Amino acid sequence: MKYELIATATFGLEAVVKMELQDLGYNVVKVEDGKVTFIGDERAIVHTNMWLRTADRVYIKVAEFKAETFEELFQQVRGIGWEDFLTVDAAFPVVGTSVKSILHSVPSCQSIIKKAIVSRLSDFYVQNHFDETGANYRIRFSILKNHVTVLIDTSGIGLHKRGYRAVDVAAPMKETLAAALVRLSFWKEGVMRRDKDNPDHVSRLLVDPCCGSGTILIEAAMMARNIAPGLNRKFAAMSWDFIPEELWNEERQSAYNAVDYDSETNY
């Protein structure tokens with residue numbers, strides 16, 4: 001099934017995330033402040049979580065509509081096919097933001113959206129109480145000038161959490177930002193030498209004299225070795241029913257096979 005997916009980004013890095021998505025083979029349909037919209041199926045959800053280096057999270061966009069009253073918000077959310085995503089035991093916390101909207105109270109919007117989802121699921125599963133002891137489907141809404149967007153977070157913990165940082169350091173640079181800086185630097189992996197077949201091409205040396213925890217160099221090394229940034233971590237969508245476990249196993253095995261252990265590089 002095809003979904004409208006959103007990769008969120010630090011403001012100013014949208015173009016870098018767009019390039020990454022295009023390099024991965026996805027059709028980018030819209031670039032806005034802090035987010036890049038693209039089209040993909042269940043495998044795309046798995047693949048982008050595993051491989052995106054500069055995005056913060058990957059979301060499924062489930063609805064977009066205008067609402068000026070809490071009743072409109074309730075009815076619009078209730079009209080979404082939540083049963084296509086949420087199992088009967090699903091945990092579905094609701095978080096969000098509201099900017100320049102009549103519906104300015106975020107806690108009230110959270111409560112209305114939660115009630116609307118419960119009402120929809122109650123009709124489908126024929127029960128009124130949900131224990132929410134199963135997989136986590138974090139619902140995020142954003143309201144801007146009465147325009148509502150409703151998303152489901154497929155990533156869970158932010159994608160900058162690669163899993164290689166053993167301890168926290170003072171004022172660490174986010175891994176996603178470090179990866180973006182490497183991409184924007186036009187550094188090219190490889191030994192520092194002139195290409196004999198192309199004398200004008202010289203591999204660039206990457207130097208970080210004030211490296212701190214070494215995040216920039218680690219991200220560069222992962223790029224040089226073609227190590228997927230999400231290879232050694234888990235994602236929220238791994239426990240979802242509508243994304244087969246086989247997809248995660250296949251993508252993870254493919255990522256392991258893609259690692260280049262033999263190339264030379266300078267950083």
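1. Salt bridges first: there are 15 of them in this structure. The term means a side-chain nitrogen of Lys or Arg within 4 Å of a carboxyl oxygen of Asp or Glu. As background, side chains of opposite charge can pair when their charged atoms come close.

2. A word on what you're looking at. The model is predicted, so local features need pLDDT of at least 70 and side-chain atom pairs count only at pLDDT 80 or more, while totals for chains, interfaces and linings use all residues. Residues are numbered from 1 along each chain as its sequence is written, and side-chain values use heavy atoms, with hydrogens and water left out.

3. Have a look at Asp153, whose side chain forms a salt bridge with that of Arg57 (3.2 Å, N to O). This pair links distant parts of the chain: Asp153 sits in strand 7 (residues 147-153) and Arg57 in strand 4 (residues 57-66), 96 residues apart. Helices (H or I, at least four residues) and strands (E, at least two) are DSSP runs, numbered from the N terminus.

4. Asp153 also meets Arg138 in a salt bridge, at 3.6 Å, N to O. Since Arg138 belongs to strand 6 (residues 138-144) and Asp153 to strand 7, the pair ties together parts that are 15 residues apart in sequence.

5. Is Asp153 buried or exposed? With a relative accessible area of 1%, Asp153 is buried. For the cut-offs, buried is under 20% relative accessible area, exposed is over 50%, and partly exposed is in between (1.4 Å probe, protein chains only).

6. Finally, helix 5. Its buried residues include Glu175, Thr176, Ala178 and Val182, and the buried residues of this helix pack against helix 1 (14-23) and helix 6. Contact here means heavy atoms within 4.5 Å. Just past the end of helix 5, Phe186 adopts a positive phi of about 65 degrees.
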